[in-house]
2 protein chains.
Amino acid sequence: MSILAVGSVAFDCIATPSGRVDNVLGGSATYFALAASYFTDVRIVAVVGDDFTADYENVLKKRGVDTRGIEHATGKTFRWGGQYHDNLNEAKTDFTELNVFEQFRPRIPAEYQDSQFLFLGNINPTLQSEVCTALPGVKLTGGDTMNYWIKGSRQDLTLTLKQINVLLINDSEAKMLAGETNLPRAALKVLAMGPQALVIKHGEYGATIFFREGAFGIGRHPFRAPALPIQEVKDPTGAGDSFAGGFMGYIGSQGEVNREVLKRALFYGGVMGSFAVEQFGTERLQSLTREEIDARFQVFRELTHLE
Amino acid sequence: MSILAVGSVAFDCIATPSGRVDNVLGGSATYFALAASYFTDVRIVAVVGDDFTADYENVLKKRGVDTRGIEHATGKTFRWGGQYHDNLNEAKTDFTELNVFEQFRPRIPAEYQDSQFLFLGNINPTLQSEVCTALPGVKLTGGDTMNYWIKGSRQDLTLTLKQINVLLINDSEAKMLAGETNLPRAALKVLAMGPQALVIKHGEYGATIFFREGAFGIGRHPFRAPALPIQEVKDPTGAGDSFAGGFMGYIGSQGEVNREVLKRALFYGGVMGSFAVEQFGTERLQSLTREEIDARFQVFRELTHLE
């Protein structure tokens, strides 16, 4: 089945304790699409500038990603620069040049109208809402957001949350959104805002999925998937979007969406996030095989399952 | 089989967002012993003052804990006061009155010489070493330590670490001990200091056990157990010692110590930690049943296991 990803495509300049890279392909839609491409068909809606050459686009095309929805605007592509120090969970932003992304209005090509799954990368919640409205037929919508929108556009975000089935955010975003420091209580409050399920990403500690009562089947409890303890984290950029790509990609590859599928998807999210951070930028996500992915899924399973 | 626990017995004054209590029974040996008492025979070596009345001791005795190793010294019992704010993972200490604990020299009663398991609570590493030396016949020694000793008594601690089979510490302690911010790399360094296994406690995210190559059987990977997402954490005091009590208690209840036992023990550690925080002080640990414990073990399993 097909997943449509709407988000950013960017050039990143990244410095970490392991080294630095300049102007490498990045952006939420890019990481998401590459990660999801190992599971199912992926389409992108994003905007780039004149400097986005065929070489960059080919990175996506080689993975079979449908790039017809990438709008080529006059101007420069979104650029982000940041650095990570010892705490690899926290990026210090050096610069953000929105460029053509500033005027981004997602346009869904007619060929994408039959998309069965939708992922809304971390963009203005009003734009996220517009995309949802333009695609009323999707089976499941996943979405991301961030502190910037939670603080500055809460009202718009509230409307968007009613259109999102599965929200994927991290601990601090969940706590800020709910105005609540206890994580499971924060989760309950966020679920009351609209989503049927909430994935809270804990960085190196994995992720938990909380379900609204009765959503996606019956079950009393949330579910937790681990992250792999990784000795060499080269570059954490894109880990969250790669997680979302593995999560939504696996869901998109299944016939049905139920709790067991969502639990496995949480594992695949962790798997793709763990690959993403092994190399700078999207490098590792460009050259994986499904066998490597499933082998790591097994490692994640052994890491948490009793005999 | 019998576990001997050496550590502190104290009176705690605790304030959390859920309320406050004064002069309740606490201390590392107390939490450990109560938690472990649901699994196997437990004995305590500790020191208390004149103010430690029979009522306090009866809390332990009621759970079948052998208190003959509690030394009654002249003076006051160790007292600690602390408060927790929104971040329940961090205690702000109001006061520490060591009192009789300042001169504590663990004396192992003759009746305890046949102890098969030993747990060294967070006390001076030199005293921990002395206990190990006094009990050469134990099958497995678990131990705790803290930043205070890692910073101030590193050389003594280095010797102790060679006598401990399983070290149980938290993330920041592991990183400080290893001088390394990456957790799995820190774990490798700590294992090289002596212990065959290292349990790193992640608070609300659970715990990971790392094994030295070949220790306790064969296996490639560490193992992670979750913590239960708890909506009502009333008082986090003693969670780590209760974790250790569940962990060591389960090990002590088994005939053999192998990786599968240690993995299950990690789950039971999380289970006992999750009970401990539900009420102030040791209250919840006084009134559990083995059925409640095993029911929660099942919840932990469902929380992490795919079908």
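**Salt bridges and the A–B interface**

Hi everyone. Let me start with one residue: B:R185 is partly exposed, at 31% relative accessibility. A quick reminder that we are looking at a predicted model.

What does B:R185 pair with? It forms a salt bridge with A:E232, and the closest N and O atoms are 3.7 Å apart. B:R185 sits in helix α7 of chain B, while A:E232 is in the loop between β13 and α8 of chain A, so this pair joins two chains. A:E232 is partly exposed too, at 42%.

Now look at A:R185, which forms a salt bridge with B:E232, again with 3.7 Å between the closest N and O atoms. A:R185 and B:E232 also belong to a salt-bridge network with A:E180 and A:K189.

Which helix gives the largest share of chain A's side? That is α11(A), with six residues. That side of chain A divides into 17 nonpolar, seven polar and 14 charged residues.

Let's step back to the whole interface. The contact takes 38 residues from chain A and 37 from chain B. About 3,600 Å² is buried between the chains, and carbon and sulfur atoms give 53% of that. On chain A, the trio A:Y205, A:R224 and A:L306 supplies 23% of the area that chain A buries here, more than any other three residues.

Finally, a salt bridge inside one chain: B:R290 and B:D294 meet at 3.2 Å, N to O. Both lie in helix α11 of chain B, four residues apart, about one turn of the helix.

Technical notes:
Residues numbered from 1 in each chain as written. Chains lettered and ligands numbered in written order. Predicted model: local features only at pLDDT ≥ 70, side-chain atom pairs only at ≥ 80, totals over all residues. Heavy atoms only, no water. Contact = heavy atoms within 4.5 Å. Buried area = accessible area lost by both parts, 1.4 Å probe. Salt bridge = Lys/Arg side-chain N within 4 Å of Asp/Glu carboxyl O. Nonpolar A, V, L, I, M, F, W, Y, C, P; charged D, E, K, R; others polar. Buried < 20%, exposed > 50% of the residue type's maximum accessible area, 1.4 Å probe, protein only.
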